[in-house]
Every structure is written in structure tokens, then in C-alpha cells.
Amino acid sequence: MIYNEYETTYITVPELGEDVQQQLLEKVGDIIKENDGEVFVQDPWGRRRLAYPINNHNHGYYVCLNYVGPSTLPAELERVMRLDDKIIRYLTVKLGYNINTDNAREEATVRHQQWVEKREAQAASMDRPRRGGSR
Amino acid sequence: MSSTKNKDEEVHYDYKDAYSLRRFISERGKIMPRRMSRNTAKAQRELATAIKRARILALLPHLAE
């Protein structure tokens with residue numbers, strides 16, 4: 001069986017409680033496990049402002065998942081997300097074809113660590129007042 | 001962030017990193033052309049894909065105003 005690495009980001013409506021959000025994450029995680037997949041990284045970004053309104057929502061709660069699985073898995077996952085009206089948008093990206101699970105797991109962790117550091121540095125620089133007229 | 005690009009060095013664009021991608025869109029939300037971004041053809045394709053993915057996730061606008 002060929003296993004690919006995927007990354008799925010979904011956006012839920014912002015006004016869900018912490019527990020509902022957690023339930024949803026578990027539900028998605030279970031689908032991955034039931035379909036012979038494994039979650040590498042769960043990354044809830046949290047509430048963000050949307051660049052344009054989706055279904056009359058101006059904000060959304062972002063969750064990003066990095067996982068491996070057979071090629072049938074994303075289709076099933078997207079089907080479930082399409083049916084769930086708490087999820088207003090999702091995007092799946094294939095990161096690797098026929099990967100070695102152990103190597104990929106390690107790389108995914110490192111990659112995620114770097115991304116989190118970069119993101120935090122960006123957030124910190126946005127809080128600082130801008131110097132000069134550069135944009 | 002360095003403004004000069006080394007041709008030998010590969011640049012990677014991540015659709016999740018809207019903060020960095022913002023530099024490459026105009027005020028109207030259009031993707032910056034290669035002559036302005038100074039990208040190689042390969043890097044420009046990657047940039048365009050990243051911006052389009054970011055738009056799907058409402059991290060970047062499809063068009064502004």
C-alpha cells in the first residue's frame with residue numbers, strides 16, 4: 001500500500017465552545033486513524049480574521065493537520081467535512097508521495113517547530129511600532 | 001528579511017505564511033509579476049500556487065476593494 005503525506009487545514013465557525021472544537025478535532029483524528037492513517041501534527045491556529053467573508057462570517061477558527069494515509073483518505077475526510085456545517089472551508093495539500101512514515105514523521109515535527117517559531121517572530125514584530133517609512 | 005536573492009539558493013513559499021506572502025501582492029490583491037518579485041520561473045510558480053492556496057483559506061484576499 002502506498003502512503004502519502006497530506007496537510008489539511010479547515011476553518012470552523014468562530015463561536016464554537018472549546019469542548020465542541022475539541023470534539024471536532026477528535027472526530028477528524030478518528031477518521032484518519034480508522035482509514036489506516038496517522039496524524040503527525042495537530043496545529044490549531046485559533047481565531048483569525050478572514051480576508052473576505054465566508055457564509056457571512058468575518059472570523060474563523062483555523063485548524064491545520066499534518067498526516068499520512070492512503071490516497072483514499074483525503075476524499076473521505078473531505079466528504080465528512082463537507083457534510084459538517086460547523087466547517088466553513090477546508091483545503092488539503094499533498095506534501096509527499098509514497099513516503100517512509102518514520103522519516104516523514106520526524107521531518108514533519110521539525111518543519112512544524114520551525115514554522116511555529118517563524119510565526120511567533122512575525123507576531124512579535126507586528127506588535128512593535130514600525131520604524132521609518134518602510135512598508 | 002533580505003532584499004537580494006541568491007540565484008543558487010532555493011526559496012520556498014508556504015501558503016500558511018500569509019504574513020510573508022503579503023509582500024508579493026499588490027494593493028488590489030494581485031500577484032506581483034516576476035519582474036518585480038525578482039523570482040526565478042520555478043520560484044514564481046511556487047509563489048503563485050502558495051498565494052492561490054492562501055486565498056482559498058481566506059488568509060489573503062481574492063481582490064481588495
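1. In chain A, residues 24 or more positions apart account for 80% of the contacts with a separation of 6 or more, where two residues are in contact if their C-beta atoms, placed from the backbone, lie within 7 Å. The model is a predicted one, in which local features need pLDDT of at least 70 and side-chain atom pairs count only at pLDDT 80 or more, while totals for chains, interfaces and linings use all residues. Residues are numbered from 1 along each chain as its sequence is written, and chains are lettered from A and ligands numbered from 1 in the order in which they are written.

2. Chain A has 3 helices and 4 strands, these being DSSP runs numbered from the N terminus (helices H or I, at least four residues; strands E, at least two). Along the sequence they follow the pattern β-α-β-β-α-β-α, and the C-alpha atoms of chain A fill a box of roughly 55 × 35 × 25 Å along the principal axes.

3. Of the 135 residues in chain A, 23% are buried; a residue is buried if 20 or more other C-beta atoms lie within 10 Å of its own, exposed if 12 or fewer, and partly exposed in between.

4. Leaving aside neighbours within four places in sequence, B:Ala54 is in contact with B:Tyr15, B:Ala18, B:Leu21, B:Leu59 and B:Leu60.

5. Between the chains, 13 residues of chain A are in contact with 10 residues of chain B. On the side of chain A that touches chain B, the largest share, 4 residues, comes from S2(A). By class, that side has 9 nonpolar, 3 polar and 1 charged residues, with Ala, Val, Leu, Ile, Met, Phe, Trp, Tyr, Cys and Pro taken as nonpolar, Asp, Glu, Lys and Arg as charged, and the others, Gly among them, as polar.

6. A:Glu78, in helix H2 of chain A, counts as partly exposed because it has 16 C-beta neighbours inside 10 Å. Not counting residues up to four places away in sequence, A:Glu78 touches A:Tyr90 and A:Thr92.
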